[in-house]
Amino acid sequence: MSNLTGSRQPRPPYGTGPPSRAAVPTRRAPYRRPPVPVGAASRHTQVSRYRRRRLQWLVPWMFVAPALILFLYFKILPLAQGVQMSFYDVRPYLGDRYVGGGNYVEATTQPLFTQAIWQTIILAVGTTAGSILLGFLLAILVEGQARHLWLVRTAAFLPVVTTMAVVAEVWQVMYYPDRSGALNTLLGWIGVGPEPFLQSPHQALASVVAVGIWRAAPYDMMIFLAGLATVDRNLYESAAVDGASRWSRFLHVTLPSLRPVITILFLLAALRGLRSFTEVFLLTNGGPGQSTQVIMVLIYKLGLEQGKLGVAAAGSMILFVATAAVTLAVYVWRRRAVVR
């Protein structure tokens, strides 16, 4: 810029004048979230924790939901419908008629039901005791780490995975009452027979019990093998050092260690015996002369052959109460044993 005389005004030395705005960049203060009050922060934390807990509670049920829906549709709803049917005289085309406890009275007072109860108890006790004893003996025999034992275990376990219809057909052939039957041929070698087996009212129930034991023992064997694998080997060594015999080690080491396994197997075998149907129905159909008719077969005949659906439903409820009572009794006995 020139002054009035036309001469130019000298510039000040570099760095001595006022700083230019373009030379110095302006700094922005960092953004800071406005402080949240203490009460609001705690409330927000509580809400987030509550939502997280709800999600954690909901996720497992989402995985189990399909199975629960199927269980509800195929188990709970038919059970509720059976309870309702047990109080009605079911007439499919005429309409149901309420009879109260009449179906229960008819089911429990007829001689066939009383006979079926006793035969069911005999079948349950026989198959339970026989399958547990035989399964335990098989477990003792095949226990070990030898390579060839897997083949023996597989062969022994085959009756469990075989269809009951095939098993019943095979045993009917083996029980053939003539001398040419498989079992009668074996008995003939020792001078016994021929025996009628399924054709005799006095032998039919025992023959069905034998089939039940043969089929259930391998399953009990596998459970016993799992239980024997958990027994502490140091206990056997300590007992041997103390001079205990094999029988003493079996009584005082093996059996106490297997007590929970025996309890579970007893419960499963008892329930299996009370609900026996397939083997009896396929082998004898309750005969000869009602000698093998158990509760499940009687319920089937009352409901589907005679059309007494209400009475059959009442018999089903009685069987349900009996199985629940057995389960509860075993559970209470087990709890008392643990407390002692």
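Modeller: Let me start with a cut-off: a residue is buried under 20% relative accessible area, exposed over 50%, and partly exposed in between (1.4 Å probe, protein chains only). This is a predicted model, in which local features need pLDDT of at least 70 and side-chain atom pairs count only at pLDDT 80 or more, while totals for chains, interfaces and linings use all residues. Residues are numbered from 1 along each chain as its sequence is written, and side-chain values use heavy atoms, with hydrogens and water left out.

Colleague: Why is Arg272 called partly exposed?

Modeller: Its relative accessible area is 30%, and because this value lies between 20% and 50%, Arg272 counts as partly exposed.

Colleague: What makes the contact of Arg272 with Asp220 a salt bridge?

Modeller: The term asks for a side-chain nitrogen of Lys or Arg within 4 Å of a carboxyl oxygen of Asp or Glu. For Arg272 and Asp220 the N to O distance is 3.9 Å, so the pair meets the cut-off.

Colleague: Is Asp220 buried or exposed, and how do you know?

Modeller: Asp220 has 1% relative accessibility, which is under 20%, and therefore it counts as buried.

Colleague: How many salt bridges does the structure hold, and what does Arg233 pair with?

Modeller: There are 4 salt bridges in the structure. In one of them Arg233 pairs with Glu143, their closest N and O atoms being 2.9 Å apart. Because Arg233 belongs to helix H8 (residues 233-241) and Glu143 to the loop between H3 and helix H4 (149-161), the pair joins parts that are 90 residues apart in sequence. Arg233, at 40% relative accessibility, is partly exposed, and Glu143, at 32%, is partly exposed too.

Colleague: Why does the contact of Arg97 with Asp89 count as a salt bridge?

Modeller: Their side chains meet at 3.1 Å, N to O, so the distance is within 4 Å. Arg97 is partly exposed at 42% relative accessibility, and Asp89 is partly exposed at 27%.

Colleague: Where does Val59 lie, and why is Val59 called partly exposed?

Modeller: Val59 sits in helix H1 (residues 38-85), and its 39% relative accessibility falls between 20% and 50%, so it counts as partly exposed.

Conventions: Helices (H or I, at least four residues) and strands (E, at least two) are DSSP runs, numbered from the N terminus.
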